[in-house]
Amino acid sequence: MMQILEQFNGLNVLVVGDVMIDAYYFGKVERISPEAPVPVVAVKKKENRLGGAANVAMNLVALGAKPTVCSVVGNDKDGDDLIQLFQHNGVSTNGIVKSDERVTTVKLRVISQATQMLRIDTEETKAINNKESAELVERISVLLKDADVLIFEDYDKGVLTKENIAQITAEAKKNNVPVVVDPKKRNFKHYHYVDLFKPNLKELKEGLNIDFDAEDTAAFEDSIKQMMEHMHLKHAMITMSERGVMITDGKTFNYIPAHIRKIADVSGAGDTVISIAALCFALKLNMKDTAALSNLAGGLVCEEVGVVPIDKLKLTQEVIELGL
């Protein structure tokens, strides 16, 4: 495993999907507004962080890889701020398309004394238009020539559509670039012929519009087999929170139990898992090693508060301690 972590360094990864700014206003409440019965937050600090698919890019940087983000953002100040954040954090923006018809997604959280008081979302969730989609696919087609793996990171904000998913996947196949997917409900069944499909248990049930007892192994595996046959998937990996992860090629089902941890926050764990899994697929690792390392990393970030990328040093130390 130690050699694997070293081999992550310098891998070129395309992250295709919905990027956003996670904005925070930190302050203190000392009075109620005279205008309405609501608290007044006196803001002491403002902070912008990379969110959505951008957090996957941050995980990749932390792991030593070289990510390029491919997305559509608004031709606005928030879009400029987002691009500056990428550049400041060492993420290439060569795949970013600016749109005059969309706004850049911003999720603003107002926090007082460690309590979230309010969240304000600025976003456009309808599908990008044909012109924007064509420009995005064109940029990705060029970037794929130097890519080691492509990640679809879908947040249902409209950048990914049935049509451009098929086009981008076909271009990746032409260039022999493996494709891994972190899906959401809207496009769940549109990811055909990909190398790894990674929903969590909730997304699996919603995407297939079925319900089953997660403890019923036969029903669980049967639903995955049907999904893989219908969508022509090479591999599927399901993250199951405290149950760990399962990875399969449709024939062999490998279950990796979760490590016992003090969970502080599960936010962003899926982003870490898909980042590790993508790099493992770029290196053509076997299923068990891919799932084991992804599971370990996903659990590690759950010990941190808030959405944070993986700490490669901590991951390396855990690999040594566990003798992986």
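Helices (H or I, at least four residues) and strands (E, at least two) are DSSP runs, numbered from the N terminus. The model is predicted: local features need pLDDT of at least 70, side-chain atom pairs count only at pLDDT 80 or more, and totals for chains, interfaces and linings use all residues. Residues are numbered from 1 along each chain as its sequence is written, and side-chain values use heavy atoms, without hydrogens and water.

The protein chain holds 10 helices and 13 strands. Its C-alpha trace spans about 65 × 45 × 40 Å along the principal axes. Of its 324 residues, 53% count as buried (under 20% relative accessible area; exposed is over 50%, partly exposed in between; 1.4 Å probe, protein chains only).

Helix α10 covers residues 312–322 and includes Lys312. Buried in α10 are Lys312, Leu315, Thr316, Glu318 and Val319. These buried residues fall within an arc of 160° seen down the axis, so they line one face of the helix (the arc is that of the directions from the helix axis to the C-beta atoms). Leu313, Ile320 and Glu321 are exposed on the other side.

Lys312 is buried without a salt bridge (a side-chain nitrogen of Lys or Arg within 4 Å of a carboxyl oxygen of Asp or Glu). Glu6, the nearest side chain of opposite charge, is 5.2 Å away (Lys and Arg count as positive, Asp and Glu as negative; His and the chain ends are not counted). The Lys312 side chain instead reaches the backbone oxygen of Leu63 at 2.9 Å. Beyond neighbours within four places in sequence, Lys312 is in contact (heavy atoms within 4.5 Å) with Leu5, Phe8, Asn9, Ala62 and Leu63.

Key. A polar contact is a pair of N or O atoms within 3.5 Å; within protein, one must be able to donate a hydrogen and the other to accept it, and residues adjacent in sequence count only if both atoms are side-chain atoms.
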